[in-house]
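Let's take a look at this one together, starting with the chain as a whole and then moving in on a pair of helices.

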Amino acid sequence: AISSVSTKDLDMRPIVSAGQAIQGKAAGVSVIQPNGTPGGEMSIRVRGTTSMNGSNDPLYVVDGVPVDNIKFLSPNDIESMQILKDASSASIYGSRAANGVVVITTVAPKPGEVRVSYNFTGTLEMPDLRDYSLANASQKLEMERLAGLFENTDFGTEIYDYNRKFAEIQRGVDTDWMVLPLRNAFDHKHSLFIEGGTQNLRWGVDASYNGANGVMKGSGRDRYSVGFSLDYRMKSLQVKNTVSFTHSKSKESPYGSFSDYTILQPYDTPYNDDGTLRKRLSFSKNSNLREANNPLYEATLGNYTWSAYDEVSNNLSLNWYLTDYWTVRGQFSVNRKYSNGERFIDPLSSKTTASPRDGGHNLGDLYVDNGNNLSWNANAALYYTRSFNKHNLNLSVAWEASSGSSDATSAHYRGFP
């Protein structure tokens, strides 16, 4: 079975990523965002989850080139999308089509006068906490009392704990922790496309910027991309070359993970009596049953985490129409990607790997990651297509080769005062 998404479908609603173009447009295809990463890639499942350990991602083919993902594609560059869901796709793409195939055709430059197109998409994201209908401080304490947590079985310690919590509630402490690290976020995307040329030589230049701000305070992702395409046509020969460059950088929220706030108790306050932030909380416990860290205090330190990558790709394709029945098609693509990232933990943070127990003051940590990837793909095919009355005959002979290499380094530096 084949599901199609056309340009008309894409223009009906604001779309920020190529993955969103499929969402709700193809039966049996699931498109979700697996996490809250700003500008993160959508997870596409054509045949559901078929493996617990291996990848469940479909094979993406952009203008005949197999790629690992489509996060580099702007929705405005897409001419059409086809989702191949049945076994027939395996006859074309082999075992790589086990999880389905998403075939994308990009917009080709049109001849004539120079045309300039600009598109702006803005979206507002608001955190939805309706599923977190939790008890307030007094209700939580009462439920604990009714559950027997404060029965006097340990020399009055439980009663002492109850009185401490009750005293906090009496002085007005009722902290809704989950709203503290959240915000409303406005995302905006700009794309520019310039095209022109003659009937035989067409060209196009595109540029885009996507600024995605996360609902966690201080998180976000910026993505820039530029591209140039050249389309040469002379009689029965067509040669097309497309080159693109993408830069992306994301940063995580200094407020930590949202899950850090879901375990904190409403009768805990993040502030001392003098208005300063507490380093640790009195009643909330971490997984080791110790006093939990105050994530608001951690957010005021110099902790940071960011990651970035630069990606360059080039795709050269050839179509040679020998006769009305015979066609030769060839393609060669190369992709180079550089990635790096850093994570720094402030010496005053409780998350450092060197604590005072190791001898003296805390020492800051710096984690550095670097990597690069090089891959290429080449294929050629000879097609024969002919119709006899009500019958069609299609024959093809194809050859394909691909290779890839990658290396990565990671380092951990400790000792920042």
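## The whole chain

Of the 417 residues in the protein chain, 35% are buried. Keep in mind that this is a predicted model. The chain has 6 helices and 18 strands. Take the contacts between residues at least 6 apart in sequence: 66% of these join residues at least 24 apart.

## How H3 and H4 cross

Now zoom in on helix H3, residues 137-146, and helix H4, residues 157-170. Their axes come within 10 Å and cross at roughly 160 degrees. Angles over 145 degrees count as roughly antiparallel, so that is how H3 and H4 run relative to each other. The crossing of H3 past H4 is left-handed.

## Who touches whom

On the H3 side, the contact is made by Ala 137, Ser 138, Leu 141, Glu 144 and Arg 145. They meet Tyr 162, Lys 165, Phe 166 and Ile 169 of H4. Sorted by type, the residues of this contact come out as 5 nonpolar, 1 polar and 3 charged.

## The buried side of H3

Which residues in H3 are buried? They're Ala 137, Leu 141 and Glu 144. These three cover an arc of only 60 degrees around the axis, which puts them on the same side of H3.

## Just after H3

H3 is followed by Gly 148, which has a positive phi, near 85 degrees.

Definitions and conventions
Residues numbered from 1 in each chain as written. Predicted model: local features only at pLDDT ≥ 70, side-chain atom pairs only at ≥ 80, totals over all residues. Heavy atoms only, no water. Axes fitted to C-alpha atoms, helices over the stretch in contact; angles between N-to-C directions. Helix = DSSP H or I, 4+ residues; strand = E, 2+ residues; numbered from the N terminus. Parallel < 35°, antiparallel > 145°, perpendicular 65-115°, else oblique. Left-handed = near helix turned anticlockwise from the far one by under 90°. Contact = heavy atoms within 4.5 Å. Nonpolar A, V, L, I, M, F, W, Y, C, P; charged D, E, K, R; others polar. Buried < 20%, exposed > 50% of the residue type's maximum accessible area, 1.4 Å probe, protein only. Arc of directions from axis to C-beta.
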